[in-house]
Structure formats: C-alpha cells, structure tokens
Amino acid sequence: MRSGFRTYFAHRKYRWSVAYTAVLRFALLLVTLIPSIRRGPLVANIRFELGMCCHVTEQWCDAYKFFSSVNQYVTYRPEAFFRAGFASEQLALLDRALQLYEQAISSSENPVSNWFLRAAYTAESLLSFEQAVRYAKGALHRKPRDVGAARCWYRNLQYLTSSFSKTELQGTPWEADFRHCLDLLITIDNDKDYWLGCLLNHSLAIGDLSRAQVLLEREPSARLAWEASANVDWSPRLMVREGREQILTEKLQSFVYELTYGEQTISLSADDWRAWLYVYGRLIGQGLVVDAYALKHFATQHFWKAQDPLSAYEHWAFMGLQGNQCAVVSEVLKNVILDSSSMEKHQRDRLIAITLDALQRQSKLVEARAFQKMTNPSWLQESGYQDYLNYFDGKSVAIVGPAATGEKSGVEIDEFDIVVRPNFSGQNWLDERKEQLGSLTHVSYYNIGNLRSNPAKFVSGAREAPIDILVLRNVADQRLFRCVSSNIKSRVQFFAEPSAVTGLSFAVSHILFDILLTSAGRIKLFNMDFFLGEQPHLEGYFTQRVDPREAYIKHDVLEAYRRLKVLETSGAVQVDEPLANILALSESDFLARVEKRVQASLRTPHGEH
C-alpha cells in the first residue's frame, strides 16, 4: 500500500479510522487463509495499516500487536519498530519501548530526530540518564535547533550529575556538555536571559571565573547578576566586578535613584526593573533585608503605576500583586478575560491563573472557584484535574512542611482525611520522624529543584509508599514517575509563576493555590516557618546544602507571609502554633526577623545544612 494512502487515513477523524480498520481486519482474515501469501508483503502491509489505525484511535494493545508482527517484507519496518515502541510507552511497558526505539534507530539508514527524542524521554522515565543524554544529542544532530531536544539534554545532564560536587564535575565530559548545551539554548530558545543565568551559575559553580566575567561583559543583564548574587559563595571574587555599577549607570533613562551603603553608591534607572532586581539580591546577600524589600516595593510600584496594563497584562499584574494591589489586579484581569475573544489559549489560561491567585490573596475563595468554573480554562477540562477536584471534595486536609519547629503534631496530622506533603522522598525518612510529622501521605507536590537534585531518591520513595496523587511542575518531571506504579495518579499543576522581578513563590503558595480551588473542608498547615528556624529543614529532607540567603533572594517570602496571614485571619486555613506566632507579627517585625535570620547565616561562611 502506498505511503500517501497510509498517511491520509492515519490522520482522519475517529469514525473514518474505525471504518477503515474494519475493512482491513476483514482483508487480513481473507489473505491469511491463502498459504502462499500468508507471510508475504501484502499481509505485512495490512498489519502495518491496522497498527496505524489503532494508533489513531489510541487502541494501544492492538497497535502494539500489529506493529510488532510486521516482518522484513515491509519497506518501512524501522517505523514499525518506532510505532510499536510508542504503543508500549502508552502501556507503561517502558523497558520494551526503549528496546523497540533502539531497534528502529539501528535498523534505519536515516532515523528521524523524533525517534531519538522519544528514546530519550523513555530512557529518562527509566532513570537511565546517560542513555537519555546520548539520545537527546542524537536528536540534535539531526535537527540542530530543536528546543525540546536541547532542554531534554540539559535536564538529563542535571539528573546525571546531581550527586557530583563542583570539583568532581570539572574535567568530565558532562562539564563540556553543560557548556555546549547552554550555549545552544541561549541561541535557539526564546528565554535567553534564563539560560544565560544558568550558564553564569554553571561557570561560577566550577570556578570558571574568566568565563563568568566574559558572560557579564557580553550580556549586561541584571538577571545574570541576580543569578550570581544567588550563588552561595559571597566572597568578593564571585560578585560583580568593578565597573558593573557603571554599566547600570549608563542605562539611565527618565529617573535616577541612588543608594549609599558605606562607601558604595549605586545609581539606577527606575525604568529598568532588572537593575533594581540586581541590587535587591545584593542587599539581601549583605543582610539588608528590610532595605531590600523597601527597594523592591518602591521599584515595582513605580513600574506598576507607569505601565499601561494593555501593553503587558502579566508583567503589570505581577508588579501590582507584589505591591499588594490584589483587588485592582483581579478586577482589571477579570474584565480583560471576559471581554477577550481572540486571545491565545495559553495566554488566557495564564491570566485566569493570575486572577484566581489575586482573588485567593484576598480570601475570596468562593468567587475564585466560581470564576474558574465560568471561564473554563484548559486545565479544568483535563480528566486528571477533575479527579483531583473530586478527591478533595468535603475532606479535611493537613498540609505538612519539613521545617524543624519542634512541634510534635504527628497524631493530629494522621487524623486528617488527606495529608499533603512537599517532595515526599520515602516512608523510612517519615517513619523516623512520625512523632513530629505523622506517618501518612496521600498527596505529594514536587518542585523542580528538589526533584532534580536526586531523582532516583524521590522516584523510589514514591514507589514504596501508598501515595494516591503526585503533582508535578511540568510534563518532563511527570515522566520520571511513569514507571513507579499504574495505581498512582499524577498531574501537572498549572500555576502562573511570577517573574523573577517579584520573586518565585514558596511551595506552600503552589499547594494552597490548588487546594483552595477544590471544595475541601477544614485545612490546617503544620511545620512551616519561612526558614526562620535554626536550620532550614529537618535533617535529611534535602540532600544539598540550603543557604537561607539564596532562598530569600529567589523566593518572595513577604508574598507567602501576606497570603497566609490573610487566609488565616479570614478562617480559610488554620495553622499550628509556631506559624501562628510568626503570622501574628506585623509586616515590619516579620521582615526584621527575616533580616536577623539572614545576618546569622552570614556568620556561617559556607551556608547551612
């Protein structure tokens, strides 16, 4: 059968595929009754056609059967291997899928890039990160500007080297791979600033200071300086070199604001938010948290008032939320969403998510749920999200953090219908601390940093424990858990993460955003203290060193404090005693306490564990 004929039917709607499948099945029955052609090319081609139809209609068992039975008479046999592999992947037969992808690649004279990329994804799901790196590079060799393949390459390099120290990484093939991969992503990906920041961090991590300086001179983006400021080594040699302030001074536009600390005077343009962000990171790094947040508030409100929301809704909204202008932001965005008919789906979803976030920050939870239902964003139409909503309906929920608060709430925690935890890594670790944390886990949220620091640990932990739902940040991380168990449901959370200018959200903000959109009953928070305790986490929670300065630079602790204070005051959530004492502080007293915590960490040169 001709390839064009096959391609035509492979892309028809379901009803046509069903009719075509019935005809092919009848034809297959007839030809297999004739001994002379039972094993000939005609039968093989019919089997391939049946496999294509089953693929279109997502009948994966039949698709696997037909593709696997194609023999050497078919000219497109390598594609049959690939299609059988894809069917195996959908059936969670990941080992078999990888074998078939390898057969497809090795038996084809000109394998396409997508075959390599599917093999990389499957190897990643099997935690075979070295194989995934190899296949991702193979995909890029055939399609050099494939952003998906480049991101897959970078992600698996992170997984592969997660246990390496800085000195162990130096001189390895992976070190060169990191540099080449990031150079490529800077060239082909839209988010150039992000990848430049990653490359700068990588250069600093391995001690390549000359390359870091070249990057700073090549791209004077304050986002890079922010990434450098987030580095845990605060020695002057890793900070921005002399003359950096001059670069920023040259960016003066309509307004200049000067800050003086000791002998250092920094002049900035009020119209360049990245420059403000750079100084914000520098101030926190020096222990000047109160000044840093005063600066951030001044800068974001300047931009918020000066910017027309029609020109950039998201940026305007995040600036407004940082300044606690939640009511204005929610009203403007609601009108924009309801009046818009031509907005792209992804942009509309993001604006809906920001609006829901703004409503929740005002504790308007009923209105937020009604608005979500009325606007019907794409995530609401996913079966996994509907299952999630039904799961929480009317149930009491305990959200349990990993802070070392000294509370022994284990018995109370286990009395809740649903226990939610961030970054569940194994039942053994939890059982050793059940007096403090309880012993049950029903739902776990995973963030990118923790998950990629030790993927095998988190995947094996989820495999051992009776967890009902896993919530991931993206599809790539969800793929890691596909080999865990078919009984565990997983979904990717849609959360409009704020831009770097306002700071990333704490995990509790992500979790509450989700759960408050359900019809859950009583909600109580345990073991959370915004890193204000003597140690950031209970021992063993995070395998890498945690520096509170880095956490406060990258995350907006004031946003988390404001959110929880409003929700706790309105009765939407309950909190344990240590967190209640923190939320009872005024905003100025809270920031003063954060500043005291950062200044204490400055006396620990190598950060804290």
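**View 1. Ser 588, an exposed residue in this predicted model**. With a relative accessibility of 52%, Ser 588 counts as exposed, because the cut-off for that is over 50%. The side chain of Ser 588 makes a polar contact of 3.3 Å with that of Ser 586. Look also for Val 290: its C-alpha atom is 7.9 Å from that of Ser 588, although 298 residues separate the two along the chain.

**View 2. Strand β3 and its two parallel partners**. In a regular strand, side chains alternate between the two faces of the sheet. Here, Val 397 and Ile 399 point one way from β3 (residues 397-400), while Ala 398 and Val 400 point the other way, and all are buried. Three bridges pair β3 with β4 (residues 418-422), and four join β3 to β8 (residues 523-526). Ala 398 is a handy landmark: it stands opposite Val 419 in β4, and its bridge partner in β8 is Lys 524.

**View 3. Aromatic pairs**. The model holds 17 aromatic pairs. In one of them, the rings of Phe 416 and Phe 526 have centres 5.9 Å apart and planes at 80 degrees, so the pair is edge-to-face. Phe 416, in the loop between α23 and β4, and Phe 526, in strand β8, are 110 residues apart. Phe 416 is buried at 5% relative accessibility, as is Phe 526 at 0%.

**View 4. Charges over rings**. The charged end of Arg 491 sits over the ring of Tyr 388, 4.4 Å from its centre. Lys 457 lies over the face of Phe 458, at 5.6 Å from the ring centre.

Note on methods: Residues are numbered from 1 along each chain as its sequence is written. This is a predicted model: local features need pLDDT of at least 70, side-chain atom pairs count only at pLDDT 80 or more; totals for chains, interfaces and linings use all residues. Side-chain values use heavy atoms; hydrogens and water are left out. Buried means under 20% relative accessible area, exposed over 50%, partly exposed in between (1.4 Å probe, protein chains only). A polar contact is a pair of N or O atoms within 3.5 Å; within protein, one must be able to donate a hydrogen and the other to accept it, and residues adjacent in sequence count only if both atoms are side-chain atoms. Two strands pair if DSSP finds at least two bridges between them. Rings of Phe, Tyr and Trp (its six-membered ring) pair if their centres lie within 6.5 Å; planes under 30 degrees apart count as stacked, over 60 as edge-to-face and the rest as tilted. A charge sits over a ring if NZ of Lys or CZ of Arg is within 6 Å of the ring centre and within 35 degrees of the ring normal.
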